[in-house]
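Hi,

Here is the structure I promised you. Please open it and keep it on screen while you read my notes below.

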Amino acid sequence: MASPAATEAPAAPERNPDEAWIETARCPSCNECQNINDKMFKYNDNKQAYIADINAGTYRQLIEAAEACQVSIIHPGKPRNPNEPGLEELLERAKPFL
């Protein structure tokens with residue numbers, strides 16, 4: 001009989017809540033994020049989205065992608081550019097996805 005430790009699923013890696021990320025394994029390949037910025041968002045070999053280049057777009061585009069995502073798997077984290085226009089509004093819009 002296997003020990004309880006051997007049957008437990010491995011713990012998910014700790015994520016920095018300030019960093020943007022996508023739950024790639026849950027991506028339905030809808031193209032919504034790529035329609036917003038196809039340089040920031042790319043597909044892997046399974047046609048599931050990931051953030052390819054966080055510097056290829058704006059925080060606004062991350063928020064717009066998170067809002068457009070059909071399954072709410074885009075987590076925008078915190079803004080990388082403290083001087084991006086409209087950050088107060090964007091931070092408020094980001095709250096449901098953090």
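S29 is partly exposed, with a relative accessible area of 24%. This is a predicted model, by the way. S29 sits in the loop between β1 (21–22) and α2 (32–36). Look at its backbone: phi of S29 is near 60 degrees, a positive value in a residue other than glycine. Most residues other than glycine have a negative phi.

N31 lies in the loop between β1 and α2 too. Its phi is also positive, about 75 degrees, and N31 is not a glycine. N31 is partly exposed, at 29% relative accessible area.

Now go to the core. The largest nonpolar core has 19 residues. Which of them touch the most other members? They are I22, C33, F41, A49, Y59, I73 and I74. β2 (41–43), α3 (59–68) and α4 (87–94) each supply at least two residues of this core. α3 gives the most, with 5 residues.

Click on F41. Leaving out residues up to four places away in sequence, F41 touches I22, C33, Q34, Y50, I51, L62, A65 and I74.

Last, the helix pair. α3 and α4 pack at an angle of about 30 degrees, and their axes are 10 Å apart. The cut-off for roughly parallel is under 35 degrees, so α3 is roughly parallel to α4. Their crossing is left-handed. From α3, the contact uses Y59, R60, I63, E64 and E67. From α4, it uses L87, E89, L90, L91, R93 and A94. By class, that contact has 6 nonpolar, no polar and 5 charged residues.

Best wishes

Note on methods
Residues are numbered from 1 along each chain as its sequence is written. This is a predicted model: local features need pLDDT of at least 70, side-chain atom pairs count only at pLDDT 80 or more; totals for chains, interfaces and linings use all residues. Side-chain values use heavy atoms; hydrogens and water are left out. A nonpolar core is a set of buried Ala, Val, Leu, Ile, Met, Phe, Trp, Tyr and Cys residues joined through side-chain atoms within 4.5 Å. Buried means under 20% relative accessible area, exposed over 50%, partly exposed in between (1.4 Å probe, protein chains only). Helices (H or I, at least four residues) and strands (E, at least two) are DSSP runs, numbered from the N terminus. Contact means heavy atoms within 4.5 Å. Axes are lines fitted to C-alpha atoms, for helices over the stretch in contact, and angles run from 0 to 180 degrees between N-to-C directions. Angles under 35 degrees count as roughly parallel, over 145 as roughly antiparallel, 65 to 115 as roughly perpendicular and the rest as oblique. A crossing is left-handed if the near helix is turned anticlockwise from the far one by less than a right angle, and right-handed if clockwise. Ala, Val, Leu, Ile, Met, Phe, Trp, Tyr, Cys and Pro count as nonpolar, Asp, Glu, Lys and Arg as charged, and the others, Gly among them, as polar.
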